[in-house]
Amino acid sequence: LFERDLILEFRGSKLQRRKAKKYAEGVMAQRTGPVNITEDFDDGDMTMLMVPQEAVGFVTGRAGNFLRTIEEEWCTLMFFCEVGTGRNKDFEKLAIFGAVRARRGAELKVLSAVETKVPGYLEKIKSDVLARDKGKDDSGTWGTDTMTFQDDELSYALGKQGGTRKKLERSSDTMTFQDDELSYALGKQGGTRKKLERSSECVVQYVGHTAIFSGTRAQRKKAREYMKWLFEQLEGPVYVDGWEDRDDCTVVDVPSDCIGYITGARRATLGVMEEEWGVLMFFMNKAEDKGRGKGQGGSEKLIIFGPTRGRRGAELKVMSGVETKNPGFFTKGVREKTSNERGFDTDRLIFKDDELSYSLGKQGTTRKKLEGAAGAILEYVGHVAFIAGDGKQRKRCQEFLKYMKWLFEQLEGPVWVEGWEDRDDCTMVDVPSDCIGYITGARRATLGVMEEEWGVLMFFMNKAEDKGRGRGGGSEKLIIFGPTRGRRGAELKVMSGVEQKTPGFFTKGVREKTSSERGFDTDRMIFKDDELSYSLGKQGSTRKKLEGAAGAILEYVGHVAFIAGDGKQRKRCMEFLKEWGVLMFFMNKTEDKGRGRGGGSEKLIIFGPTRGRRGAELKVMSGVETKTPGFFTKGVREKTSDERGFDTDRIILQDDELSYSLGKQGTTRKKLEGAAGAILAYVGHVAFIAGDRKQRRRCQEFLKW
């Protein structure tokens, strides 16, 4: 989106561009009323659902929130529309755009809501719903199955937060339940439904007393099997015959004395793991095998169903828990391993006691940080770190763990990373010796905050013989590992801190710079004392606002503003910093104080270029009008100037027009202003438009639209 020119650009294949243009037109058309859909609107990406008039408000939600929530969950686009000519007063047509699976998930969510308001509605349109999109996926096996519950059966099938519904979404055939079974399959707050859905990768939804499962044949089959085993647990031990030959399950031996620890009170611990990893888990044993297993004591088999990554994550979580209660159960005799597999696999690293504690962190925070930064699964099973993911993820995680070892080695003496100059994942900063404590903080607290903020790892490194040498007196090298943007953000933060303690260390002789690079780079602007204070704001609040609005990194190192980001972000940030470029102060002769328009007032004088002065003036007028309505607008009329050069036009707006053209927190006003290139300020109900004639005309047109 090129906001200044109000141009929306689409890139992709011909069909992708056509769909994107169609979606954008549909979204924009909603502003003026119902969207009109023609026959050529369907590119195999549309589902049209009839919604009874009495349920439309319920489905839409307050300010459209319910529809927006469904769109967010299923990655779809949804809006009510008109098809052809005429309108049915009993129904509204809801258009749903997206992929087959996404459309089906959103459609069933809407139908579930409609059934609440209009019981029995599904039965009237059931044949159309079940036949929709049959075979229209890549496998050609997409379809929908149903099962009908009695009242008490439904509660069980939903499960806590829809968990049971999710488990069942991977199933295929129709199943019939007794009254008490439905309640079980539903679960508390639908939790069981959601679990079934995620583990089987099938869409599972309960519409009234009917459970609907949509997915490929394999997905529906899984959901049916998972549901069957779920119910068999009510009658006694369950054993999955032939589990060794299945590709959707993993089995873990759990010692008998650890089963309660792994399960948790009322299955709470297993439930948390199922929720985190999107899997279905339960203990299985043949009656004659119960009590036998790995190790000296008996064990039971815990079976985990779900996608590969989810199963591995849950399995490692279980192994970690067992190892805590029963040291050596999984790690006795285990050696380090680094796989050459490019796809999903697991590596192992062995840690010492002190290294493990350091790389785990308080309440596992360091482990989570490393896991998130690498994109891999990282779990400590005893003293062994298991790293699961594709080749790149595992390699990245191993490197991060090595960084942690370097950090730990610092406790014993200086650390040096050989060949850091040739690495593309690190940045080095010289820090004066007298600033090291300030930058590090008590117990490494300050460095920790920067690492958390920017997603990087940082530590000081020096060869013993180099300690005390460096730029501008004694210094040590601070090395920063992480992605480019994160490293630059952390580096500038460090530079800012050093500059406060040692003025001129980084800024002596520095000049302004504006890069022509479109990609990531850094620009510089030099400020005077008063300008710096204003653009920094109280406790850095203005800097943070500018940084957030521009999308760039903005850091003040002494009197120099460093602006890092891509070309557009840097340009936008510099424009914000230069916004008005004026000097303002109140002035009055002693004898004039208290005189003025509309009661006592004082004169505010504004120095600077014409455009800057007008922008600042209108900003002040807007603020005054908010506090004293009518002070500037009483008796004001609309005005359109013919002046080609700089001038100001005025448009008077109604209440609803003003609210709409202002937007949430002024976002619409800023967009209009940026797109037209004019200054646009609302002083009460009057829109003041300042700029040359072309800018003013363009802004007026945008406001009329």
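No disulfide (a pair of cysteine sulfur atoms within 2.5 Å) was found in a search of the whole structure. In general, a disulfide is a covalent bond between the sulfur atoms of two cysteines. The structure is a predicted model, in which local features need pLDDT of at least 70 and side-chain atom pairs count only at pLDDT 80 or more, while totals for chains, interfaces and linings use all residues. Residues are numbered from 1 along each chain as its sequence is written, and side-chain values use heavy atoms, with hydrogens and water left out.

The chain contains 26 helices and 24 strands. Of its 705 residues, 46% count as buried. The chain exposes about 37400 Å², of which carbon and sulfur atoms supply 49%; accessible areas come from the Shrake-Rupley method with a 1.4 Å probe, and for residues only the protein chains shown count as cover. Among contacts (heavy atoms within 4.5 Å) with a separation of 6 or more, 68% are accounted for by residues 24 or more positions apart.

In soluble globular proteins, nonpolar side chains tend to be buried together. A nonpolar core is defined as a set of buried Ala, Val, Leu, Ile, Met, Phe, Trp, Tyr and Cys residues joined through side-chain atoms within 4.5 Å. The largest such core has 29 residues, of which V51, V59, M78, L94, V110 and L111 touch the most other members. Two or more residues each are given to this core by β2 (46-52), α2 (53-60), α3 (65-74), β3 (77-83), β4 (91-97), α4 (100-117), α5 (121-131) and β6. Helix α4 gives the most, with eight residues. When neighbours within four places in sequence are left aside, L111 is in contact with L49, Y121, L122, I125, V129 and V207.

Strand β13 (residues 384-389) is mostly covered, six of its six residues being buried. V384, F386 and A388 point one way from this strand, and A385, I387 and G389 point the other way. Strands are taken to pair if DSSP finds at least two bridges between them. Strand β11 (residues 345-350) runs antiparallel to β13 and is joined to it by six bridges; within this arrangement, T346 has A388 in β13 as its bridge partner. Strand β12 also pairs with β13 in the antiparallel sense, over five bridges, and I377 stands opposite A388. The strands β12 and β13 form a hairpin with two residues between them, and G382 in the turn has a positive phi of about 65°.

Positive phi values also occur in residues other than glycine. E201 has a positive phi of about 60° and is found in the loop between α9 (191-200) and β6 (203-207). This glutamate is partly exposed, with a relative accessible area of 34%. Phi of R267 is near 70°, and R267 lies in the loop between α11 (259-263) and α12 (268-277).

The whole structure holds 35 salt bridges, each being a side-chain nitrogen of Lys or Arg within 4 Å of a carboxyl oxygen of Asp or Glu. One of them joins the side chains of R267 and E274 at 2.8 Å, N to O. E274 is buried, with a relative accessible area of 1%, whereas R267 is partly exposed at 28%. A second salt bridge joins E379 and K317 at 3.8 Å, N to O. E379 lies in strand β12 (residues 377-381) and K317 in helix α13 (residues 308-325), so this pair ties together parts that are 62 residues apart in sequence. Here E379 is buried at 8% relative accessible area, and K317 is partly exposed at 25%.

In a further salt bridge, the closest N and O atoms of R697 and D649 are 3.9 Å apart. R697 lies in helix α26 (residues 693-704) and D649 in strand β22 (residues 647-652), so the pair ties together parts that are 48 residues apart in sequence. R697 is partly exposed at 30% relative accessibility, whereas D649 is buried at 0%. Finally, R18, K22, D43 and D45 are linked in a network of salt bridges.

Note on methods:
Helix = DSSP H or I, 4+ residues; strand = E, 2+ residues; numbered from the N terminus. Buried < 20%, exposed > 50% of the residue type's maximum accessible area, 1.4 Å probe, protein only.
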